[in-house]
Structures are given as structure tokens and as C-alpha cells.
Amino acid sequence: MVPENYSQITEFLLLGFSEEQELQPLIFGLFLSMYLITMFGNLLIILAVSSDSHLHKPMYFFLSNLSLVDICFTSTTIPKMLVNIQTQTQVITYGACITQMYFFILFAVLDDFLLTMMAYDRFVAICHPLHYMVIMNPRLCGLLLLVSWIMSVLYSSLQSLMVLRLSFCTVLKIPHFFCEINQMIKLACSDTFLNNLVMYFAIGLLAALPLTGILYSYFKIVSCIRGMSSAQGKYKAFSTCVSHLCVVSLFYCTILGVYLISVSTHSTHSSAIASVMYTVVTPMLNPFIYSLRNKDIKGALKRFCGMAAIKGTTVLGLKNSQ
């Protein structure tokens, strides 16, 4: 069913970070660089995990899925912003805006769920090492991922449908570089009480439950590590959690920082700049955090790059011989 306001509203304007023309090349270059690094780093993680049999474990299964989601998450916002800068326009159509908002929410929630599953995986590995492969079997891992996708799709669909029922005013300028749901609701002329109620309740629920699961997992992990008699065993157990702890801290701290900035300053411009941390910077840093702190990933990347170099040399040699 086509929403009533679709015939009235055809496009929005994404104001981005600055309207000064001399800053646009700098912003374009900066975000293009971060986007390419994000794509390259996460793609390397996916290829390394899929090509190395040593990494066919639950921990790396979730890591490769996190990299895939980060690629999709970043791709929902940055390409459109880069196109707008290149074409010197701020326009995004109504349909494209709703679509962008839908996928942004979908992949953001999936990120949250995947971090929770990775915390549970570390909890089982450290607190129940003898039963790890029995508990974290492929069927459970696949089921956890499927449930996460279903819940993310349902939540994203609910939020998008709630926005579709709104009618919008004549001022359709979004002070952001993408169609952020809260900014869209603020532009609406119709009553937004139900939208705000559903949005904040669902966000609170989806933020509280995964975070509670992560905190509980690490509470049990710390208790288990403290009970170990060997200092080497303690170090080894803790070192397997460092990368995940860094990623979780980066994800939640940046989101909390964006919320505190938006509440304290009431500046949409400051909020847009701060949101770059969890929409762009965090997905860009995740593969580096995992690869620098994990010997298995570093070894797999070296083997993968070595194989790629050998194949490239072989192909080059065959061409030269011809």
C-alpha cells in the first residue's frame, strides 16, 4: 500500500557536515579513504577466515559475519554522501531515504547482536572449555545468527513502517549525512508520540538486553579467570577476550558519546560529526583490532597474502611465457 504522504513528499535534503564549497573536496577525500579502508580490512578478514581451515571455529564464524555486516552498514550511508558531494547536490528521494534508514537500522542492530554472540562464545570457551565444541556446535551458531537476522529485520521493518505513516512539513532538511530516524521524526508535521514511544522503548530494550548479556558474560569470565591457579593460563584466557572487549567498548562508548553530545548541546551538527565514530570509524577499526591482537588471524592473513602473491606470480609467468 502506498503511503498517503508519498505523493506529497518526493525528496529530502541531506545537509551533511558543511555547506562551504572549499571544504567539500577535503570531506570527500577523507570519507572515501575511510570507506575504502573499511571495505579492504573487513574483506580481508572474511577471505582469511573462509580460506583457512584453522579458522573454521565459532569465534571466527561470528567475526567474519561481523565484518560482512560492517561492510553493509558502512555502505548504506557513505556512498550516497560521496555521490552527493561529487554531484554537488544534497537531494535524496523519499523512497531512497526510507530504504537507507531501513538498512541502517537493520545492520546496526545486527552489529549489536553479533557482539553479544561473540561475548557468549568467549564465556563458553573460558568457563566451559571441555564442552566448548559441544555447546558451540554449528547448529547453535547458525540458529543464533538466524534469530539475530529475524529480530533485526522485524525491528527495522517496524521502525520504517512507523515513519511511513507520518506526514511531513515543507521544511525537509535533514541536518545529517544520512537519513537518521530521529531527525526524520523531528521533521514530521503529524503526531509523533507513538513513533517516539516505540523508538525509545525498542532502542532501550535492544540496547539493554545485549549489553546485559555482554556484561554478564564478562562477569563470569573474570570470575573464572580469577579462579585459575596458573598465571600463564590467566594471561592466555584474558588475551582471547582483549580484541572483543576493545570492539565492544568502542561500539558502546561512541554511541553513548553521540547520545550525550546530542542531549547536552542540542546541536544536530555536533551530533552528526560525533555519529561518524560509530557509523564509519568503528567498522573501519574492527578488522585492525582483531588482526593486530590475534595470532591466528595474523597467520591466516599472511598465508592468504602469500597464496595471492604466488598465484599472481604464476599468472604473470604464464603470460610472459606466451
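**Reading a pocket and a patch**

Author: Begin with the lining of the second largest pocket in this predicted model: its largest share, 7 residues, comes from α9.

Reader: Which helices each supply at least two residues of that lining?

Author: They are α2 (58-75), α4 (94-127), α5 (132-135), α9 (231-265), α10 (268-293) and α11 (295-321).

Reader: How much space lies in the second largest pocket, and which residues are the closest to its centre?

Author: The space is about 780 Å³. The lining has 24 residues, and Arg122, Lys236, Ser239, Thr240 and Asp296 are the closest to the centre.

Reader: How do the lining residues divide into nonpolar, polar and charged?

Author: The lining of this pocket holds 12 nonpolar, 5 polar and 7 charged residues.

Reader: Now the surface. Which residues form a nonpolar patch there?

Author: A patch is built from residues with over 30% relative accessible area and no salt bridge. Here Leu143, Leu146, Val147, Ile150, Met151 and Leu154 form one, and together they have about 540 Å² of accessible area.

Reader: Take Leu143. Where is its place in the chain, and why does Leu143 count as partly exposed?

Author: Leu143 sits in helix α6, residues 138-164. Leu143 counts as partly exposed because its relative accessibility is 44%, and that class lies between under 20% for buried and over 50% for exposed.

Reader: And the chain as a whole: how many helices and strands are there?

Author: The chain has 11 helices and 3 strands, in the order β-α-α-α-β-α-α-α-β-α-α-α-α-α along the sequence. Of its 322 residues, 45% count as buried.

Terms used: Residues numbered from 1 in each chain as written. Predicted model: local features only at pLDDT ≥ 70, side-chain atom pairs only at ≥ 80, totals over all residues. Heavy atoms only, no water. 1 Å grid on protein atoms, 1.4 Å probe; cavity = no way out; pocket = protein on both sides within 12 Å on 5 of 7 lines; lining within 4 Å. Points joined across faces, edges and corners; volume = space filled by probe spheres on them. Helix = DSSP H or I, 4+ residues; strand = E, 2+ residues; numbered from the N terminus. Nonpolar A, V, L, I, M, F, W, Y, C, P; charged D, E, K, R; others polar. Patch = residues over 30% accessible without salt bridge, like charges linked within 9 Å, V, L, I, M, F, W, Y side chains within 5 Å. Areas by Shrake-Rupley, 256 points an atom, 1.4 Å probe, with all protein chains shown as cover. Salt bridge = Lys/Arg side-chain N within 4 Å of Asp/Glu carboxyl O. Buried < 20%, exposed > 50% of the residue type's maximum accessible area, 1.4 Å probe, protein only.
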